[in-house]
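Let's take a friendly walk through this model, starting with the overall fold and ending at the metal sites. Have the viewer open as you read.

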Amino acid sequence: MRIAATADLHYSAQTQGLLKEQLGRVRDEADVLVVAGDLTNFGRPAEMEPLVNVLVRLRVPTIAVLGNHDYECGQEGELIRMMTSEGIKVLDGTGYERDGVGFAGTKGFVGGFGRGVLTAFGEPEIKAFVKASIDEAMKLERAMSQLQAAKRVVVLHYSPTVATVFGESPEIFPFLGSSRLAEVVDRHGAELVLHGHAHHGTLDGKTASGIPVHNVAISLLQAQQPSLAYRVFDI
Ligand SMILES: [Fe+2]
Ligand SMILES: [Fe+2]
């Protein structure tokens, strides 16, 4: 299966034309398209509507997770409904199998990496924050447990490893993802992990057990030579 992957489209009327042009050939190059979150800027249905139109016209099966920007207006349920009703598979702690490949997806959350992972100690506010991070890891656990397929692909918005956020300011690393997500992936095994959110991060990394992790934020892909709107992974 050829999987085209992108993220952080941050749809706006200004980028619609460019997006249409850049994604136009995806159907010839891939069997599925993965969009790893931040489809919109502010999570408004008015942003999602034209974007869904663009995505549907690509005529390629599309799998997505939401990103933090898609939650900004508190309309994430409506965004999911809009995508789902047009046939886009939105993963939120859920799994989906297609042609022998299992996709497990969830947004993920912040929290830091390795020895820097924030733990649930002290004030209730810290405990609530850490709980949100653990809850997303548990959603991924549930999604991965659902899959029967031998080949699995994990789709996240936040990074599961520090390796693919290098390039961003070190001060914000803890807000770019959480290695709690990678622990789940390593326990279950996967062919690869796709994520976005770190717009100026690093393309490729690995989890502790060596599972490839790819940051497919579109701004990072567009900064490559030649400039790309998505990357295609053959599994
Ligand atoms: Fe983003
Ligand atoms: Fe984001």
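How many helices and strands does the secondary structure of the protein come to? The count is seven helices and eleven strands, where helices (H or I, at least four residues) and strands (E, at least two) are DSSP runs numbered from the N terminus.

## Ground rules

This is a predicted model, in which local features need pLDDT of at least 70 and side-chain atom pairs count only at pLDDT 80 or more, while totals for chains, interfaces and linings use all residues. Residues are numbered from 1 along each chain as its sequence is written, chains are lettered from A and ligands numbered from 1 in the order in which they are written, and side-chain values use heavy atoms, with hydrogens and water left out.

## Overall shape

The C-alpha trace spans about 50 × 40 × 35 Å along its principal axes.

Of the 235 residues, 51% are buried; buried means under 20% relative accessible area, exposed over 50%, and partly exposed in between (1.4 Å probe, protein chains only). The accessible surface comes to about 10,500 Å², and carbon and sulfur atoms account for 52% of that surface. These areas come from the Shrake-Rupley method with a 1.4 Å probe, and for residues only the protein chains shown count as cover. Contacts (heavy atoms within 4.5 Å) tell a story too: among those between residues at least 6 apart in sequence, 74% join residues at least 24 apart.

## A five-strand sheet

Five strands form an open sheet in the order S4-S3-S2-S1-S11, with mixed pairing. Its edge strands are S4 (89–90) and S11 (231–234), each of which pairs on one side only. Two strands pair if DSSP finds at least two bridges between them. S1 and S2 run parallel and are joined by four bridges, with Ile-3 opposite Val-32 in S2. S2 also pairs with S3 (residues 62–65) in the parallel sense over four bridges, and there Val-34 stands opposite Ile-63. On S11, the pairing with S1 is antiparallel over four bridges, and Arg-2 stands opposite Asp-234.

Is S2 mostly covered or uncovered? It is mostly covered, as five of its five residues are buried. Val-32, Val-34 and Ala-36 point one way from S2, Leu-33 and Val-35 point the other way, and all are buried. In a regular strand the side chains alternate between the two faces of the sheet.

Val-216 sits in the loop between strand S10 (212–215) and helix H7 (218–222), and it is buried, with a relative accessible area of 0%. The C-alpha atoms of Val-216 and Ala-36 are 7.6 Å apart, although the two are separated by 180 residues along the chain. Leaving aside residues up to four places away in sequence, Val-216 touches several residues, including Ala-5, Ala-36, Leu-194 and Phe-233.

## The two iron sites

Which residues coordinate the iron ion (ligand 1)? Asp-8 (OD), His-10 (NE2), Asp-38 (OD) and His-199 (NE2) do so, at 2.0 to 2.2 Å. Donors are N, O and S atoms within 2.8 Å of the metal (3.2 Å for Na, K and Ca); water is not among the atoms, so sites may look incomplete. The angles among the four donor atoms are 91 to 168°, and the site is irregular. For reference, four donors count as tetrahedral if all angles lie between 85 and 135 degrees; four count as square planar and six as octahedral if opposite donors are over 155 degrees apart and all others between 65 and 115; anything else is irregular. His-10 lies in the loop between S1 (2–6) and helix H1 (16–23) and His-199 in the loop between S8 (192–195) and S9 (204–206), so the pair ties together parts that are 189 residues apart in sequence. His-10 is buried at 12% relative accessible area, whereas His-199 is partly exposed at 23%.

The iron ion (ligand 2) has Asp-38 (OD), Asn-68 (OD1), His-157 (NE2) and His-197 (ND1) as its protein donors, 2.1 to 2.2 Å away. This site is irregular as well, with angles of 90 to 157° among its four donor atoms. Asp-38 bridges the two iron ions, which lie 3.4 Å apart. Asp-38 counts as buried at 1% relative accessibility, and His-157 is buried at 0%.
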